[in-house]
Each structure stands twice: as structure tokens, then as C-alpha cells.
4 protein chains.
Amino acid sequence: MNRKLRMGMVGGGPGGFIGEIHRKAANLTGEIELVCGAFSSSPQKSQEMGKLLFLDPKRVYASYEEMIKTESTLPRGERMDFVSIVTPNYLHYPVAKLALEHGFPVVSDKPLTIKYNEAKELKELAEAKALPFAVTYVYSGYPMAREARKRILRGDLGKIKRIIVSYVQGGLARPRKRKIWRLEPEKGGIAGSIGDIGTHAEHIARYFTGLKIGELYADLRISAKGRKIYDDGDILVHFENGVMGVITLSQIASGEENNLTISVYGEKGGLIWKQQEPNSLIVKWNNAPTQIIRTGRNAPELEREALKAAFLPMGHPEGFIEAFTNIYRGFACRLKKIIFKENIDCNELDYPDIQDGVLGMAFVEAALKSSEEHRWVSPGEL
Amino acid sequence: MNRKLRMGMVGGGPGGFIGEIHRKAANLTGEIELVCGAFSSSPQKSQEMGKLLFLDPKRVYASYEEMIKTESTLPRGERMDFVSIVTPNYLHYPVAKLALEHGFPVVSDKPLTIKYNEAKELKELAEAKALPFAVTYVYSGYPMAREARKRILRGDLGKIKRIIVSYVQGGLARPRKRKIWRLEPEKGGIAGSIGDIGTHAEHIARYFTGLKIGELYADLRISAKGRKIYDDGDILVHFENGVMGVITLSQIASGEENNLTISVYGEKGGLIWKQQEPNSLIVKWNNAPTQIIRTGRNAPELEREALKAAFLPMGHPEGFIEAFTNIYRGFACRLKKIIFKENIDCNELDYPDIQDGVLGMAFVEAALKSSEEHRWVSPGEL
Amino acid sequence: MNRKLRMGMVGGGPGGFIGEIHRKAANLTGEIELVCGAFSSSPQKSQEMGKLLFLDPKRVYASYEEMIKTESTLPRGERMDFVSIVTPNYLHYPVAKLALEHGFPVVSDKPLTIKYNEAKELKELAEAKALPFAVTYVYSGYPMAREARKRILRGDLGKIKRIIVSYVQGGLARPRKRKIWRLEPEKGGIAGSIGDIGTHAEHIARYFTGLKIGELYADLRISAKGRKIYDDGDILVHFENGVMGVITLSQIASGEENNLTISVYGEKGGLIWKQQEPNSLIVKWNNAPTQIIRTGRNAPELEREALKAAFLPMGHPEGFIEAFTNIYRGFACRLKKIIFKENIDCNELDYPDIQDGVLGMAFVEAALKSSEEHRWVSPGEL
Amino acid sequence: MNRKLRMGMVGGGPGGFIGEIHRKAANLTGEIELVCGAFSSSPQKSQEMGKLLFLDPKRVYASYEEMIKTESTLPRGERMDFVSIVTPNYLHYPVAKLALEHGFPVVSDKPLTIKYNEAKELKELAEAKALPFAVTYVYSGYPMAREARKRILRGDLGKIKRIIVSYVQGGLARPRKRKIWRLEPEKGGIAGSIGDIGTHAEHIARYFTGLKIGELYADLRISAKGRKIYDDGDILVHFENGVMGVITLSQIASGEENNLTISVYGEKGGLIWKQQEPNSLIVKWNNAPTQIIRTGRNAPELEREALKAAFLPMGHPEGFIEAFTNIYRGFACRLKKIIFKENIDCNELDYPDIQDGVLGMAFVEAALKSSEEHRWVSPGEL
């Protein structure tokens with residue numbers, strides 16, 4: 001292509017966090033430019049945001065419906081090439097649906113929806129339309145997460161036996177002054193932390209090992225009086241192939257920032273990755289010293305997936321935005337290959353797709369059911 | 001006292017690990033000397049061990065029965081003052097029982113027994129005889145564990161909400177060439193890892209927070225073919241006072257050494273302690289920077305319990321043997337106070353006692369029952 | 001301004017590292033767009049690069065002279081607003097000079113020049129023209145570096161006594177197959193590592209503490225046979241105000257990545273920052289526990305300079321590109337304020353300027369002289 | 001031997017730190033017992049200390065002269081086998097001299113003396129008498145220090161090029177209320193920190209690499225008004241064989257505990273060891289991931305010297321006392337071999353001897369001279 005891909009955004013108004021991340025990530029690819037947006041349910045705020053982004057005011061829309069419909073009438077060389085959805089969770093479904101119906105590929109923040117059925121419906125629609133659909137499970141965008149996946153799948157650790165995922169934050173430890181949509185069940189989903197951070201935990205476990213959950217037993221809690229969503233929980237997990245595990249989730253872990261840690265143990269070795277120290281991968285062995293695998297474009301012994309995901313030489317720290325960028329890079333590659341028919345190889349440019357989003361929602365609904373009914377539930381039952 | 005306390009030892013023959021630790025720890029107190037032992041079920045090996053320890057051969061016995069009976073006939077100024085038990089688990093009970101019956105205080109390795117009922121019986125006997133009885137939950141002997149307990153109990157973290165304990169080792173990840181008693185259910189107990197490391201996990205959680213387990217749901221596994229004891233498991237835990245938690249246990253976590261980590265979160269802050277980095281205590285806050293509390297006789301802001309447990313100035317690493325020594329120091333203080341009627345203050349010289357041993361076995365039996373019956377079990381039911 | 005600032009770039013052709021960083025950083029500000037470039041001494045490669053960047057081929061130039069001269073003839077609303085220089089070191093001077101002479105503000109990579117006199121000349125020119133000039137000492141762009149500076153300057157540590165800077169890399173530990181300009185004295189400068197990483201070390205010490213070097217004694221070495229530039233050295237430093245220090249530099253420290261560590265000690269406390277773990281700042285106290293200050297837009301107890309430099313909430317790692325972006329953000333603010341006369345406040349948006357570049361070159365020349373003459377040299381002598 | 005070795009101690013009265021460490025370390029060997037002492041220049045305090053140690057009051061002496069002379073008249077099977085010297089520095093020399101003259105082997109704390117000439121004299125005397133003499137450079141007693149030495153000497157890192165030692169403490173950062181002998185030049189030596197921690201730094205560099213100092217350039221400072229000893233300094237070092245290095249020393253580094261770090265770089269890799277995290281050894285490579293070598297009796301890939309120095313299995317932290325114990329273990333082995341003519345192998349039981357002590361004092365005097373005369377000094381000149 002002799003131009004950048006054109007992105008339209010829904011959500012991401014002034015002061016929001018995740019919209020800004022999506023914009024920076026898309027931007028950092030060097031292949032995508034933001035051309036239009038419906039940034040807020042308030043048309044005025046949407047215009048304000050557009051101005052801050054130096055957008056043409058005519059392409060700053062009052063609603064996502066208006067944006068999708070109007071853009072779809074523009075000539076192909078002008079209209080947006082895909083939609084990026086960064087709204088509160090409950091809007092992911094209707095926006096994505098409308099976008100797909102009008103033929104636009106989609107990047108959606110996670111969780112994909114607030115209901116499993118909605119997720120399945122989107123998947124069917126995306127498949128019917130043959131449209132790429134990314135769900136931004138950002139942690140799989142880190143080079144060391146990609147390296148971990150490759151090393152586990154190529155058998156370094158021997159037969160996998162045990163998975164431990166812990167994702168703890170302190171953000172909900174104390175009453176919030178400001179009203180936030182995440183705490184409203186109708187906007188963020190009743191699942192609360194299970195959807196917000198639990199889906200990341202499920203995804204990273206599956207991403208690292210290729211293993212789906214066979215059945216789970218969840219003990220979910222609402223720790224604060226008057227709160228309406230789950231903010232804490234532990235989930236016993238039996239993965240496929242007899243692999244045992246546990247997922248610990250909390251947003252009331254006072255003092256914790258964004259502490260996601262995954263440990264995978266096989267018969268020969270174990271591998272640990274900590275999101276807060278993302279540029280290192282720790283590999284422990286039964287019979288040899290521990291190794292610290294480090295990211296970097298010039299790092300020794302890395303797989304191509306990791307090398308491609310690294311922006312900088314070793315010792316130059318990379319972070320969350322760069323990981324996010326890698327999701328957009330993978331999506332952009334598919335867009336060019338599938339929609340614009342470029343003859344390019346996207347194999348080593350991974351991104352989480354709608355099937356990942358669907359499995360995330362299956363996990364959420366299984367956890368809710370298990371916790372309410374005090375029994376083991378298989379996501380496959382749903 | 002104008003002499004050292006006299007210790008007799010059962011178990012701890014040539015090549016054993018834990019007996020050597022007990023001897024070094026007792027030794028390091030500067031208040032205890034080993035005077036006799038029945039170090040092995042083989043009288044010859046027992047004598048060999050005695051020789052290595054420069055003991056009088058007459059006080060190296062062929063069996064624990066002989067030792068306890070013979071020593072009890074010696075005059076008080078000569079006979080052993082207490083018995084230290086470092087045998088395989090299944091012998092803790094009969095040796096301790098015989099020792100108590102002959103009026104000897106006891107230090108026993110953990111788990112206290114292999115059956116909960118045996119533990120309760122020992123407790124009744126020790127109480128009836130008013131004899132001090134220590135169970136060597138060594139991790140509570142670290143200065144930073146003592147500091148953690150004091151800080152949590154004095155309310156630093158606010159109301160406690162959440163406990164996460166993870167104790168993972170890799171020692172059983174691969175088939176063992178050498179036969180070891182821990183893998184024989186009749187010698188080490190069917191509970192396996194649950195008794196071996198699980199009791200440490202239960203104790204450290206209770207030690208830090210003062211909270212007992214209200215009910216638990218255990219998912220225990222035997223990961224290796226032909227193995228007869230549990231070597232892996234996760235346990236959902238509801239502590240007293242509505243505190244939620246999880247205990248993750250594994251001895252098949254390839255590459256892990258002796259990785260015990262406890263995290264306790266309250267409404268205001270969280271506290272993390274890692275046994276493998278025992279001289280630091282991490283305290284995280286909702287509204288202030290993280291603190292690294294460090295051990296040391298001269299460390300600022302430490303509680304007296306921690307200062308007394310520290311042997312060295314800051315920056316001079318202390319370890320497992322020193323922690324073990326602190327258990328013996330506490331026990332020695334009680335011995336001098338209770339048995340020898342010295343007028344001394346032992347308040348800040350903590351040690352885990354037989355009640356701790358009993359609660360450990362209640363935890364083990366509840367976990368076994370829960371896992372077998374797939375239901376929540378309260379240790380109080382037993 | 002109702003448009004983005006327009007950047008022209010000199011250097012940064014295909015395969016280069018630092019040009020790509022400058023482009024990404026400028027881009028990430030959201031306020032700057034690349035509009036033209038002379039990316040290579042080969043006009044063809046320059047065009048290739050321009051195509052990859054989706055630039056108008058007419059604004060991809062065959063030489064920096066052509067670019068600067070042509071752009072200066074364009075109307076103000078169209079021509080580039082400033083020049084970014086990312087060439088090998090020896091070209092910084094002529095390119096910057098020509099740019100300044102044509103009225104263009106400049107961002108230059110470091111070291112500012114390869115001769116101290118060149119640096120001084122550029123400074124006089126920039127001042128005479130009243131043109132903003134940034135030198136990309138990137139490490140001062142990290143939020144925690146900004147926090148460190150503020151804390152030290154506001155007196156947290158008490159009177160400063162001691163500074164230790166260590167900057168070690170392994171990149172030159174072994175013979176290089178590929179010819180690189182850094183190893184050619186005429187292109188990178190004879191100072192080699194002293195210019196390349198030493199200027200960073202000098203700058204970060206001065207940035208943290210506000211202290212200039214009073215005198216220094218350097219022991220510089222060329223470790224590899226046939227090499228023509230210094231690749232290793234230690235420098236004793238007497239800073240202003242009787243503050244003592246040492247700077248350790250090496251590019252032959254096998255296995256090290258980009259390990260810059262600075263420790264500053266005052267009468268009350270010490271502060272340590274490690275570039276490879278940039279999101280934490282360690283503060284140690286004589287009489288209180290160590291603190292770990294963490295970056296984040298929502299981090300407690302941070303100064304406004306640090307909060308403004310943070311892109312993300314706590315626990316979402318930031319890295320080198322984000323630090324680089326902060327340099328460009330500060331420069332962009334000055335450009336808008338000084339050149340475009342916007343009424344904005346840039347006080348908390350720091351960037352290293354030409355005076356920093358000059359002091360860096362004074363340090364380099366003093367170190368070379370000291371090492372050759374085996375005596376203490378004051379950069380003020382020069 | 002069918003008995004423990006008998007130790008007499010000079011110094012180590014009530015409240016002292018290092019005497020207690022020596023006693024615990026000797027004790028922990030399981031091969032040494034304290035039988036007599038002159039613990040204080042006050043005969044009464046000496047007796048008090050003896051009582052706390054449960055010693056026979058007849059063997060608690062009023063002075064070291066009395067102790068050495070009296071003990072030398074006792075029959076060999078009863079008298080002390082060696083003397084341990086834990087006095088202030090200035091007494092090391094006269095006590096050691098008298099002990100050697102009476103035929104007693106010696107363990108002395110470091111620095112060996114306060115004058116280089118005294119050290120040489122002691123060495124000649126010890127050699128003439130063929131008496132073992134240990135100097136307790138404790139850090140060489142850590143298993144990972146021994147492993148480091150072996151790996152470097154066997155060539156793992158390739159040809160050694162670069163050594164960086166940093167030893168920083170904060171203990172003298174603020175005025176002391178209590179009078180301490182270390183700050184009195186006549187008792188601790190004018191060298192102050194250079195003797196106290198500098199000798200450790202010199203020794204550990206030599207221990208790791210086998211390299212002596214060819215010449216050095218020292219910049220020593222007295223940072224506090226009214227202080228009479230050096231408390232801070234940096235030393236440029238040219239080791240043998242063209243190996244370059246720097247030693248950074250400070251006891252005014254506020255907030256630092258006992259932070260000794262050594263980094264050694266060769267053509268292939270680098271090795272870093274930190275005394276405050278002594279159970280890990282970090283090995284970095286030009287072309288492979290970093291390794292964390294961990295201590296433990298059962299640790300994979302360790303040299304026999306390290307395995308023998310480890311007391312516990314992996315994951316059971318060891319510390320300063322255990323390292324100290326290893327010095328005594330090595331000395332005890334030589335005592336049995338040389339004095340008691342046992343047929344045993346001490347090859348893998350290292351200990352620092354009087355030659356190490358002499359080289360330490362040569363380093364101290366060269367540093368003093370260099371700093372005063374502002375020139376490079378070779379310890380060989382002295």
C-alpha cells in the first residue's frame with residue numbers, strides 16, 4: 001500500500017485512558033492514521049477530542065451509528081479502513097455488530113462483550129463477512145510473552161503439568177469518589193474483575209500453553225459493601241490434557257499496581273513472566289541454573305516472533321504501549337493481506353482474534369455459574 | 001542457669017538434613033548442648049553419628065525407647081533436659097508420647113504427626129504434664145516474619161481482606177532414584193506435600209494474621225504415575241472474619257527451590273514476604289510508596305520481636321539456620337522459665353507450640369476430606 | 001496551534017536505530033509530524049526511506065544542504081518547523097550550523113559535536129538567533145529521573161556528599177564484523193565510549209543534582225587491539241560544592257546491556273536509579289526503611305514534573321521510547337511558546353538544551369586531556 | 001581427632017559484634033569449642049563474658065598476655081589449640097605476635113594490622129614457626145564466592161579485562177553519639193574505611209580473579225568535620241596482566257547497609273556477585289541468556305568448593321555466619337592436617353591466610369601514599 005491504513009475510533013474521549021493507548025499504539029505502528037471518530041456520547045465532547053487530535057471536524061461524529069453509516073458511504077480510498085472500539089464494555093457488542101454489518105474490520109478492547117452469547121454472535125458475523133477482528137489482550141503483545149509461548153510450544157519445559165496465574169491490583173481497595181462505569185454492572189458487566197482482569201489471565205494462560213480450560217471451580221467475592229460487581233476471586237482450573245492450575249484475581253489487593261504473573265511448569269523446567277517486569281523471562285530448570293531471557297532486537301537465542309515484536313536493542317526498556325502496538329501491527333498486517341490483498345507474510349505477527357474474545361467470555365460465564373452454584377463447570381457446557 | 005540446657009535427639013543419623021539443622025540451631029543458641037541421641041534405627045549408625053558429634057558413646061542409644069527410659073533414670077543435673085525429634089513423620093507421635101510420659105519437654109519437627117487424632121492426644125498429654133512442646137515451623141523464626149506479624153496485628157494494613165500463600169518446590173518433579181521416606185504413605189503420611197509444605201503454608205498465614213481457617217475447598221493431585229502421596233494442590237480458603245484466601249502448593253514445580261511467598265492485603269496496604277529473600281519485608285500502600293523493611297539488630301523502625309530475632313547488623317544476610325535457631329531460643333527460654341523456674345521474660349521470644357501442630361494436622365485432614373468429597377470442609381468439623 | 005509541528009530529519013536511513021527512535025518519539029507526542037527528510041548520504045536510500053514513511057517524494061531530499069535550503073524557501077505554513085539531526089556524530093555540527101543559520105530550531109542527538117569548540121560555536125549561534133535547541137539526553141526524559149531531580153533539589157537527601165555513576169555495556173566486548181561509524185575516530189570522535197555513554201553519565205549526574213564537575217582525573221583505555229577509540233575508562237570526579245564522585249564507563253563489559261546506574265548520597269539518605277528498571281526509584285534512608293517510588297499518572301507523592309512525564313497508570317511499564325518522547329514534548333512546548341508565541345506554560349516539561357550539550361563536550365575534552373596528561377583537569381580550563 | 005579443637009579468644013567482650021560472630025562461626029563448624037578467653041581489657045568484663053559463655057572461670061583471663069602464657073604451660077591435651085583475635089585493629093599485631101611466639105596458630109580478624117611492616121613481620125614469624133594463620137576475609141567464605149573464583153579461574157569468562165568493585169555503607173554518614181574505636185586513628189588505623197572495607201574489596205577482587213594490583217591511584221577523603229580517618233574514596237586500579245579496574249569505597253553512603261558488589265568481565269562474559277544477595281551468582285554472556293547460579297548442597301553444575309561450602313539444600317537461605325563458618329572450617333582442617341598430622345584433604349576448604357593479610361596491608365599503604373602524593377603507586381614499591 002502506498003498509504004497508511006485509516007482508523008476510525010468509537011470511544012476514547014477526553015480524559016479516558018484506554019482510547020489514548022489505542023491511538024498511541026496505532027500511531028506507533030507507523031502504518032495507521034486516525035482519520036475519524038465518535039469519541040463520546042456527547043457530540044460536543046467528541047468534537048473537542050477531535051480538535052485535540054487535529055482531525056477534520058467533518059469526520060468527528062456525534063454517534064457511532066453516524067460514523068459507521070457515513071463512513072461506509074465514502075469512497076474506498078477515503079473512508080476509514082477499520083473501526084477501533086474503546087467504549088465501556090457494554091457497547092462493544094452493538095458497535096462491533098454495526099461495524100461488521102457495514103463491512104468494517106474491528107479492533108475491540110476486551111472483554112469482547114458482557115455476555116457470552118453476544119460474543120458468539122459477533123464471531124459468526126465476523127466469520128460470515130470474512131473480516132479481521134482483533135481483541136486487545138495486550139499482554140500477548142510483549143516480546144517475552146511471544147518468546148514464552150514459542151518455548152513452551154516447542155517443548156522446552158517437557159510435558160506441561162501445572163499453571164499458576166495471579167493477577168492482583170489494588171485499584172478497588174478503597175471506596176471511589178468518582179463514579180466509574182466499571183463498577184456499574186449494566187455498563188461493565190456483573191463479572192467485574194473477572195471480566196476486567198480475569199479474561200487477561202485466562203488468555204495469557206492459553207496464549208502461553210495453547211491449553212483451553214476443561215473445567216473450573218470459582219470462588220468469587222464482592223468485598224466492598226454496596227458494590228455490585230465481583231472484585232475478588234480464586235478459580236481452580238483443570239486445563240486440557242490433565243494440566244492443573246489456579247487463577248487468583250483481585251482488585252482489592254491494596255498497594256498492588258498491575259501485578260500479573262504467570263508460572264508454567266513442565267516435567268523439565270518452569271517459566272515465569274511478570275507483566276511489571278516485562279522485558280525478562282525467567283526460565284528455571286530441574287538440573288541447570290536459572291536463565292533470564294531478555295528482550296531486544298539483538299537479543300541472543302530469541303525466536304523470530306519475539307525479535308519482530310521488539311522495537312529496541314537490549315537494555316532499552318520497552319513497555320505497555322509497545323506491547324499494544326504489536327497487537328495493532330499484527331492486525332494491520334492481516335488487513336493488508338486479507339482486505340487489500342497484499343502478498344505479505346503475517347505469520348510471525350500474532351494478534352488475539354475474535355475466537356480469543358469468545359473463549360474469554362466463555363470463561364467469564366463459567367466462573368459466574370460455578371461460583372453461584374458451588375460446582376465445577378466446564379466452559380463447554382454453556 | 002549456670003550451665004547449658006541438655007538436648008537428646010531422636011533421628012538425625014548420618015546423611016540426614018533436618019537433624020543436622022536442629023543440631024546447628026540448638027548449638028547456635030549458645031544455651032543448648034547435645035548430650036545424647038538415638039540417631040538411627042540402626043544402633044551401629046547411631047553410634048557412628050555419636051562419634052562424629054564427639055558424644056560419650058554410653059549416651060548414644062540403640063533406640064529411642066532406650067534413650068528416653070535410660071535418661072529418665074539419670075540424676076537431673078546429668079540427664080537430658082528435653083528431647084528433639086527429627087525422625088520421619090510417622091515416628092513423631094510415638095517418640096513424643098514416650099518422651100512426654102517420662103516428663104521430657106519436646107521439640108518436634110513438623111508436621112506434628114501423620115494423623116489429627118494423634119496430634120490432639122499429644123496436646124492433651126503435654127498440657128496434662130505442663131511440658132513445653134515446640135513444633136519447628138521454622139519460617140516463623142525469621143525476624144521479618146515476626147515483624148510482619150506485629151505490623152499486621154497492630155493494624156498497619158487496616159482490616160485484613162485477602163491472603164494469598166504460594167509454596168512451590170520442584171523436588172518431586174522427576175522420578176527419584178533414591179528411595180525416600182517422604183514418598184511412602186505409611187512413613188510420611190498420605191497427605192504428602194500437604195503435610196510437608198502445606199502445614200508451613202497454613203502456619204505462616206495464621207502466624208502473620210492470627211486468623212484460623214473457617215472452611216476450605218481443596219483440589220489435591222497426585223501428578224506422577226505410581227506415586228502414592230499428594231504432590232500438588234490448590235486450596236480455596238475462607239479464613240475467620242470473612243477474610244478470603246488461597247493456598248497454592250506444589251512439589252512438582254520444576255526448577256523452583258523452596259519458594260514460599262505470602263501476601264496479606266488489608267484495606268490500607270499489603271505486605272509480602274518471600275522465604276527465599278527472607279531479610280526483606282515488602283509493604284505496599286494504596287497511597288504511598290512501597291517500603292522495603294530490612295532485618296538487622298540496628299534496623300530502624302523494627303518491633304522488639306524482630307530486633308531480638310536478628311543476629312547481625314543490617315546488610316549481613318541471615319538465613320534458614322538462624323531462623324531455626326530462633327525457634328530453639330524461644331523454646332529454651334520457656335524451658336528455663338517453666339521447668340527451671342528462672343525469673344525471665346520470654347514474651348518477645350516466640351515459638352510455635354503444640355497447638356500450632358494440632359491446627360496444622362486439622363488443616364491436613366480437612367484438605368484431604370475436602371478433596372476426596374469435593375466439598376467445603378471446616379477444620380472445626382473434625 | 002491548529003496543526004501539528006512539522007519536523008524535517010537529517011539521517012535516519014534504512015536500518016538505523018536512532019533515527020527510528022526519534023521518529024517514534026516525535027510521533028508519540030501527538031503534536032509533531034514528519035514532513036521531510038534527508039535520510040542518507042545516498043539520495044536513493046533517502047528516497048527509499050521516505051517511501052517507507054509515506055512522505056511526499058518531493059520533500060525527500062538528496063542532501064541536508066538541499067533540504068535546509070529548499071525548505072527555507074517554502075512559505076511558513078508549509079515548510080518544516082524544525083530539524084532533527086540523527087546522523088553520525090561528526091555531522092551534528094555542520095548540519096546544526098546550517099539549520100540555525102537558516103532560522104530552524106534543532107533537535108540533535110548526543111554528543112552535541114565531536115569537538116568542544118564546535119559545541120560552543122553552535123551555542124553562540126543558537127543564542128544569537130534565539131532558536132530552541134534540544135540535545136537528546138534521553139535518560140532525563142524518564143519520569144523517575146525527573147522525580148529524582150526534584151527530590152534531590154528540594155533537599156530530601158540533605159546536603160549532597162557523594163555521587164557514583166556506572167554506565168556499562170558489552171557491545172564492544174568482541175570484534176565486530178560489520179563496520180560501524182562509532183569505531184571510526186573521524187566519524188564518531190576519538191573519545192569513543194566517553195562521548196557515546198560518558199556524556200550520558202555526566203548529564204544524568206548533573207541533571208539529578210544540579211552539580212557541575214569542578215575537576216576530574218580520567219583513566220581511559222583502548223582495550224582491543226587495532227581499535228582507535230576509547231572503549232573503557234574510570235573517571236575520578238570532584239563536583240562543585242565539595243561533592244565527591246566517580247564515573248565508571250565501559251563498552252567492553254561482556255554481557256551487560258545498557259546498564260546505567262546512578263547513586264546519589266546526601267547526609268540523610270541516598271537515591272538510586274537504574275535505567276534498565278526505569279519505572280522505580282529507590283530511596284534509602286539512614287533512619288527509615290527503603291522506599292520504592294514508582295512511576296504512574298496516578299502514583300502517590302510524585303512531583304508534577306514526574307506526573308506529566310508519565311503516560312500510563314502505575315503498573316503499566318513505560319520505556320525508552322516514552323522517555324525520548326518526553327524530550328520531544330518539552331522541545332515542542334518551547335517551540336510553540338517561543339516561535340509560535342502561544343501563551344503556554346512549559347515549566348514542568350523539561351528538556352536538555354544546547355548548554356547541556358556544551359557541558360557534555362567540555363567533559364569529554366577534559367577527560368581526554370586528563371587521561372593523556374595524567375593529571376587533574378577542570379573542564380573550566382578549556 | 002577424637003575431640004574438638006580448642007579455641008582461645010582475645011577480645012569479644014560484652015556487646016561486641018565481631019567476637020560473637022567468631023564464636024558462632026567456630027561453633028557451627030561442629031569441630032571447635034571455645035575453652036578460654038581474654039575478652040576485654042577489663043578483667044571484670046572478661047569474667048562476665050566468660051560466665052555468659054559457661055566457661056571455666058579459671059580459664060577466663062585478665063589479659064591476652066596472661067592467657068597466652070598460662071595456656072602455653074598447660075599440657076597439650078588440655079591447653080587451647082589456637083587463638084582467635086577479635087580486638088580493635090591495633091591489637092591484632094601484638095596479640096598475634098605473642099601467640100605465634102608461643103607456638104599457637106592464629107585466626108585474626110581483618111585488617112591484619114594497622115601497618116604494612118607489622119603484617120610482614122607476622123608473616124615471617126608464622127612461616128618460621130610453620131603455624132597456620134587465618135585472616136577472616138569472610139566474603140570469600142560464601143559458596144557463591146567460591147563458585148565465582150573457580151569459574152573465572154577455569155576460564156569461563158575468557159580472558160579477564162575489567163574489574164569493578166563497589167563497597168558502600170552508610171554507617172558513618174552521620175555523627176556518632178557513641179565513641180567507637182574505629183574512628184580513633186591510633187586504634188583503628190588512619191586508613192579508616194580503606195582498612196575496614198577496602199581490604200575486603202581488594203581481597204574479593206583478588207580472590208575472584210587471582211590477580212594482584214600492579215598500581216593504583218587513590219582519591220581518599222575525610223567527609224566529616226573533625227573526623228580523623230578516611231571515610232570515603234575511589235581508587236583507580238591497574239591489576240596484573242593489563243586488567244583494568246576501579247574500587248569505590250564509602251562509609252558515608254547514607255542508607256546503604258553493607259553493599260559489596262563485584263563485577264568481573266572477560267572477553268566472553270561477565271560475572272556479578274552481591275554480598276547482600278549472597279546465594280546467587282549472576283553470569284552474563286555476550287551471546288547467551290543471563291544465568292543465575294544458585295547455592296545449595298544439591299545445586300546443579302556447582303564446583304566441589306562451592307558444594308562443600310553450602311550447608312543447606314537450594315532455596316534455604318544461607319548467610320554471613322555460615323560464610324564465616326567456612327573460614328573456620330578451612331582453618332580447622334589445616335590445623336588437623338598440619339599440627340595434628342591427620343591424613344586429610346583440605347584442598348577444597350579454602351581460607352584466607354596471612355599472605356592475604358599482608359597483601360591487604362600493602363593495598364592500604366599504597367592507597368594512602370597515592371592519595372597523599374597524587375600519583376600512581378605500586379604496592380610493590382613499599
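Mentor: Take strand 3 of chain D, which is covered on both faces: Phe82(D), Ser84(D) and Val86(D) on one side and Val83(D) and Ile85(D) on the other are all buried. Buried is used here for a residue with 20 or more other C-beta atoms within 10 Å of its own, exposed for 12 or fewer, and partly exposed for the range in between, with C-beta atoms placed from the backbone. Strand 3 covers residues 82-86 of chain D, and five of the five are buried, so the strand is largely enclosed by the rest of the structure. Helices (H or I, at least four residues) and strands (E, at least two) are DSSP runs numbered from the N terminus.

This is a predicted model, so local features need pLDDT of at least 70 and side-chain atom pairs count only at pLDDT 80 or more, while totals for chains, interfaces and linings use all residues. Residues are numbered from 1 along each chain as its sequence is written, and chains are lettered from A and ligands numbered from 1 in the order in which they are written.

Now the partners of the strand. Strands of a sheet pair through backbone hydrogen bonds, either parallel or antiparallel. Two strands count as paired if DSSP finds at least two bridges between them. Strand 1 (residues 5-11) of chain D pairs with strand 3 of chain D in the parallel sense over five bridges, and Gly11(D) has Val86(D) as its bridge partner. Strand 4 (residues 106-108) of chain D also runs parallel to strand 3 of chain D, joined by three bridges; here Ile85(D) is partnered by Ser108(D).

Between strand 3 and strand 4 of chain D comes helix 4 (residues 89-101), and the three make a right-handed β-α-β unit. Right-handed means that, with the strands pointing away from the viewer, the path from the first strand over the helix to the second runs clockwise.

Next, the neighbouring copy. In chain D, 25 residues are in contact with 25 residues of chain B, contact being C-beta atoms, placed from the backbone, within 7 Å. Helix 1 (18-28) and helix 10 (320-339) of chain D are the elements that give two or more residues to the side touching chain B.

A rotation of 180° with 0.0 Å of shift along its axis superposes chain D on chain B (RMSD 0.0 Å), by least squares on the C-alpha atoms of residues with pLDDT of at least 70 in both. The two copies are thus related as by a two-fold rotation axis. In chain D, the C-alpha of Gly319(D) is the nearest to that axis, at 2.6 Å. Of the interface residues of chain D, 100% are also interface residues in chain B, so the copies meet through the same surface.

Conventions. Two residues are in contact if their C-beta atoms, placed from the backbone, lie within 7 Å.
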